[in-house]
Amino acid sequence: MPDEGAGFQLSRRRFLSLSSAAAATLGITPLAANASESIAENGASPDDYYAKLGVEKIINAAGTYTYLTAACMPPQVQRAVAQAALHPVRLKDLQLAAGEYLAKKLSCEAAVVSSGASAALTLATAACIASANGASPQEIPEKVDKMKNEVVVQKAHRYEYDHAMLLCGVQIKEVVTLEDYKRALGPNTVMTNFFNSAEPGPKGAQIDRETWLSVAHDHGVPCHNDAAADMPPIENLWKYTGMGFDLVCFSGGKGIRGPQNAGLLLGKKHLIDLAVANNNPNSDAVGRGMKVAKEQIVGMVAAVDWLLEQSDEKNQAEYMRQTEIISKAVKDVPTMQTRVFMPSIANHVPHLLLSYDPSVVGITPHQVQEKLRAQKPSIELNPATGTSSRVGIPSDENTIVIATWMLQPGEAEIVGLSLRATLVKSRA
């Protein structure tokens with residue numbers, strides 16, 4: 001075992017060289033011969049620009065976070081992206097064809113590929129301004145202060161992505177109760193925004209999804225639903241438009257597994273048409289800088305095709321299998337308690353919660369997080385680790401949180417061994 005100052009270093013090569021007896025001691029099945037290995041083991045490829053730039057590859061045991069580059073695209077999506085890169089096309093033709101194709105696949109009136117879910121929210125806001133005012137793209141945002149320009153949002157649904165709406169020059173009106181909401185909807189209202197995964201309850205959102213939608217429509221106001229991280233289940237891609245939401249956005253690079261800088265805006269055709277008018281490549285439009293390249297548009301379409309071939313049940317079973325590998329590796333750490341938590345809406349996948357007494361084990365979850373981040377290969381744990389401030393996950397300062405759904409083949413074993421080694425060594 002290396003000395004404490006050197007930190008715990010476990011490469012995939014070293015993991016693969018572990019004896020069957022050692023793996024059996026931990027209750028871990030050795031990796032299959034065809035499991036992926038890092039390029040570093042075989043010498044860097046000339047095309048490996050991570051290696052060329054000196055950017056470290058990581059094991060993502062956190063989830064589909066933007067700062068960790070979200071999901072990896074499946075092979076058939078990668079192939080589609082590479083093929084699209086070979087030929088130029090007319091971008092507007094591709095956007096329109098992709099939108100029509102996706103709308104049919106996802107059972108909605110219309111669709112457009114955006115440069116992520118935040119851009120989709122901007123385009124949705126611009127579309128609703130244009131619809132309410134008969135405004136041209138050239139008037140948004142410069143003249144919006146002289147137009148109908150109010151977006152109504154529950155106080156519990158205010159978030160950092162408000163910026164995506166504010167780019168269009170709107171005013172956001174906060175409401176708390178149902179009566180607040182009814183009073184707030186008036187002649188200047190252009191849109192409501194519902195954050196799909198906001199926590200319900202006395203301290204959270206007081207107006208449920210169905211009531212929010214019904215009241216807005218009673219007042220003739222279109223509703224946008226921000227469902228950026230709300231896949232799986234797969235059916236969510238048509239559930240919310242089917243409920244009657246006029247516009248719904250999804251991130252393309254999270255559970256859908258498309259390019260990270262792509263997203264979807266789905267909804268009513270007249271509003272999607274206005275979103276397209278305010279989108280790139282139109283030069284004088286709020287969405288001009290939110291460019292989606294031909295490769296990302298094709299990648300988004302290919303990702304939806306891939307996703308519709310998948311099974312939620314099989315995917316969740318695989319995530320649970322990986323979760324159990326990690327849980328089994330640390331089960332005999334003193335005071336260790338393990339449980340699996342499944343968020344009800346956003347990131348609806350198993351999250352492994354490892355709770356223990358740091359005074360007995362000799363290391364806190366935050367310290368474990370830093371040690372795993374510093375080792376080779378670097379491992380990122382879920383940001384809820386060691387805190388109770390992360391909304392949606394019931395963790396605390398004595399809990400390590402792991403999401404397995406972004407792990408590559410063989411990485412659950414590496415995470416399990418790394419956690420065990422760090423926790424056991426600290427106690428020793």
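This is a predicted model: local features need pLDDT of at least 70, side-chain atom pairs count only at pLDDT 80 or more; totals for chains, interfaces and linings use all residues.
**Notes on charged residues, a pocket and a loop**

1. D48 is buried, with a relative accessible area of 7%; buried stands for under 20% relative accessible area, exposed for over 50%, and partly exposed for in between (1.4 Å probe, protein chains only). D48 forms a salt bridge with K57, where the closest N and O atoms are 3.1 Å apart. A salt bridge here is a side-chain nitrogen of Lys or Arg within 4 Å of a carboxyl oxygen of Asp or Glu. K57 is partly exposed, at a relative accessible area of 37%.

2. Residues are numbered from 1 along each chain as its sequence is written, and side-chain values use heavy atoms, with hydrogens and water left out.

3. E56 and K376 form a salt bridge, with the closest N and O atoms 2.9 Å apart. The pair links distant parts of the chain, 320 residues apart: E56 is in the loop between α4 (49–53) and β1 (58–61), and K376 is in the loop between α16 (365–374) and β11 (378–381). Helices (H or I, at least four residues) and strands (E, at least two) are DSSP runs, numbered from the N terminus. E56 is partly exposed at 39% relative accessible area, and K376 is partly exposed at 44%.

4. D332 and R420 also join in a salt bridge, at 2.7 Å from N to O. This pair too links distant parts of the chain, 88 residues apart, with D332 in the loop between α14 (312–330) and β9 (337–341) and R420 in helix α17 (residues 411–427). D332 counts as exposed, at 52% relative accessibility. Elsewhere, salt bridges link R158, D162 and E174 in a network. The count of salt bridges comes to 14.

5. D246 deserves a look of its own. D246 sits in the loop between α11 (236–243) and β7 (247–251). D246 is buried yet has no salt bridge, and the nearest side chain of opposite charge, K268, is 5.2 Å away. For charge, Lys and Arg count as positive and Asp and Glu as negative, while His and the chain ends are not counted. The side chain of D246 reaches the backbone nitrogen of C223 at 2.7 Å. Leaving aside neighbours within four places in sequence, D246 is in contact (heavy atoms within 4.5 Å) with residues including H217, V221, P222, C223 and K268.

6. On to the second largest pocket, with a volume of about 1300 Å³. A pocket is an open set of points on a 1 Å grid over the protein atoms alone, where a 1.4 Å probe fits, with protein on both sides within 12 Å along at least five of seven lines; lining residues have an atom within 4 Å of a point. The lining has 48 residues, of which Y161, F195, S197, A229 and N347 lie nearest the centre. α7 (117–133) and β7 each supply at least two lining residues, and α7 gives the most, with three.

7. Last, A198 is in the loop between β5 (189–195) and α10 (209–218). A198 counts as buried, at 13% relative accessibility. A198 touches A156 and H157, not counting residues up to four places away in sequence. The C-alpha atoms of A198 and D226 are separated by 9.9 Å, and the two residues are 28 apart along the chain.

Notes: A polar contact is a pair of N or O atoms within 3.5 Å; within protein, one must be able to donate a hydrogen and the other to accept it, and residues adjacent in sequence count only if both atoms are side-chain atoms. Grid points are joined across faces, edges and corners, and a volume is the space filled by probe spheres set on the points.
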